[in-house]
Amino acid sequence: MDIAVVTYAGMPQLYPFDAPLVPALRALGLDARPVIWDDPSVDWSGVRAAVVRNAWDSHLRRDEFVAWADRVGALTRLFNPADVLRWNTHKGYLRGMEAQGLPLTPTVWVSPGGTLDVEAVAREQGWDAVVLKPAVAAGGLKVFIFRRGELRDASAKVTELAKEGDVMVQPYLTAFETEGERSYIFFNGVFSHAVRRPPTLASAPRGFAEPHAFTPDDRDELKVAEAVLEASGGRQLLYARVDVATDNAGRTRLQEVEVTEPCLFLTLDPGAPERMAKAVIARL
């Protein structure tokens, strides 16, 4: 096999938005197949390269996943590399982004076993509503919104979440409801396409239901995404998705850098599957 396109047992044929990578690689003459990351029968030394795509249980089994990445990365080319996957699967990397001057959404960090008076923090910061999320999470799992009048309950939820690990407390950005998030997608450090996404939380109001491609007209926002990419490794990354949103003062804020297993929305841009396939070939 030339390319193992890595997924998980819950989605053995890849997520529909990402599945076009396989035929795009085959069209360029490579033997590419979806492979489940923890399938014990796979001989990774017989694969020219492994490209992590839909390993969507990695946040539930982080230690096991990063150990797998270390092992597979020693046997074949792994994209993105094991050290990147380890770094990116705990949102503590965002502290490093902020320390470099990148515009992260304001965040209060709660250490494992810690507590926080969320009502006092919100009052001090002028936040009307807050979002709580674990530092190891994906897809909106264990992410909660608490609005004014519910903030005492938020403190109890922080204590509960902190029993399992680090917790992030942020202001709720109301622009999510109308603008959603903007995702800037890069292959080998080069901008490919942009997608506007509705909130992942079912409880959040949404001005539109489905993700859709858009042409970036805000050069400053694209420059933010490019600066985030550069701070994350730039051209060393086969693929990257930089997610930004508008804060309550109208400024662009970094939400996440997705370089582990993000949906890349290949079906939303006609040229994206071939661009990604060519980016893979360039690594061989």
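This is a short walk through one predicted protein model, from the overall fold down to single residues.

Some ground rules. Residues are numbered from 1 along each chain as its sequence is written, and side-chain values use heavy atoms, with hydrogens and water left out. Because the model is predicted, local features need pLDDT of at least 70 and side-chain atom pairs count only at pLDDT 80 or more, while totals for chains, interfaces and linings use all residues.

Overall picture. The protein chain has eight helices and 13 strands; helices (H or I, at least four residues) and strands (E, at least two) are DSSP runs, numbered from the N terminus. For 284 residues, a compact globule would have a radius of gyration near 19 Å, and the chain has 19 Å, which agrees. That radius is taken over C-alpha atoms, and the globule rule is 2.2 Å times the number of residues to the power 0.38. The C-alpha trace spans about 60 × 40 × 35 Å along its principal axes. Of the 284 residues, 55% are buried, where buried means under 20% relative accessible area, exposed over 50%, and partly exposed in between, with a 1.4 Å probe and protein chains only. If we take contacts between residues at least 6 apart in sequence, 70% of them join residues at least 24 apart; contact means heavy atoms within 4.5 Å.

Now the sheets. Two strands pair if DSSP finds at least two bridges between them. Angles here run from 0 to 180 degrees between N-to-C directions, and axes are lines fitted to C-alpha atoms, for helices over the stretch in contact. Inside this sheet, E6 (residues 129–134) and E8 (residues 167–171) pair antiparallel over five bridges, and Leu132 has Val169 in E8 as its bridge partner.

The other open sheet has five strands, ordered E11-E10-E9-E12-E13, and its pairing is antiparallel too. Here E11 (212–214) and E13 (252–258) are the edge strands, each with a single partner, so each has one side left without a neighbour in the sheet. Neighbouring strands are turned by 30° against each other on average, direction ignored. E10 and E11 run antiparallel and are joined by three bridges, with Ala194 opposite Phe214 in E11. Helix H7 (residues 219–232) packs on this sheet, touching E9, E10, E12 (239–246) and E13, and its direction makes about 50° with that of E9.

Which residues does Val242 touch? Val242 is in strand E12 and is buried, at a relative accessible area of 0%. Not counting residues up to four places away in sequence, its contacts include Tyr184, Phe186, Ala225, Val228, Leu229 and Leu254.

On to the rings. Rings of Phe, Tyr and Trp (its six-membered ring) pair if their centres lie within 6.5 Å; planes under 30 degrees apart count as stacked, over 60 as edge-to-face and the rest as tilted. By this rule there are 12 aromatic pairs. In one of them, Phe65 and Trp68 have ring centres 5.5 Å apart and planes at 25°, so the pair is stacked. Both lie in helix H2 (residues 62–73), three residues apart, about one turn of the helix. Phe65 is buried at 0%, and Trp68 is buried at 1%. Tyr15, Phe17, Trp56 and Phe265 form one aromatic cluster.

Charges over rings: the criterion is NZ of Lys or CZ of Arg within 6 Å of the ring centre and within 35 degrees of the ring normal. The charged end of Arg147 sits over the ring of Tyr172, 4.9 Å from its centre. Lys157 lies over the face of Phe144, at 4.5 Å from the ring centre.

Last, the backbone. Most residues other than glycine have a negative phi, and most peptide bonds are trans. The bond from Phe79 to Asn80 is cis, with omega near -10°, and Asn80 is in the loop between E4 (77–79) and H3 (82–88). Leu14 has a positive phi, near 75°. Leu14 lies in the loop between E1 (3–7) and H1 (21–27) and is buried at 7%. Asn188 also has a positive phi, near 50°. Asn188 is in the loop between E9 (181–187) and E10 (190–197), buried at 14%.
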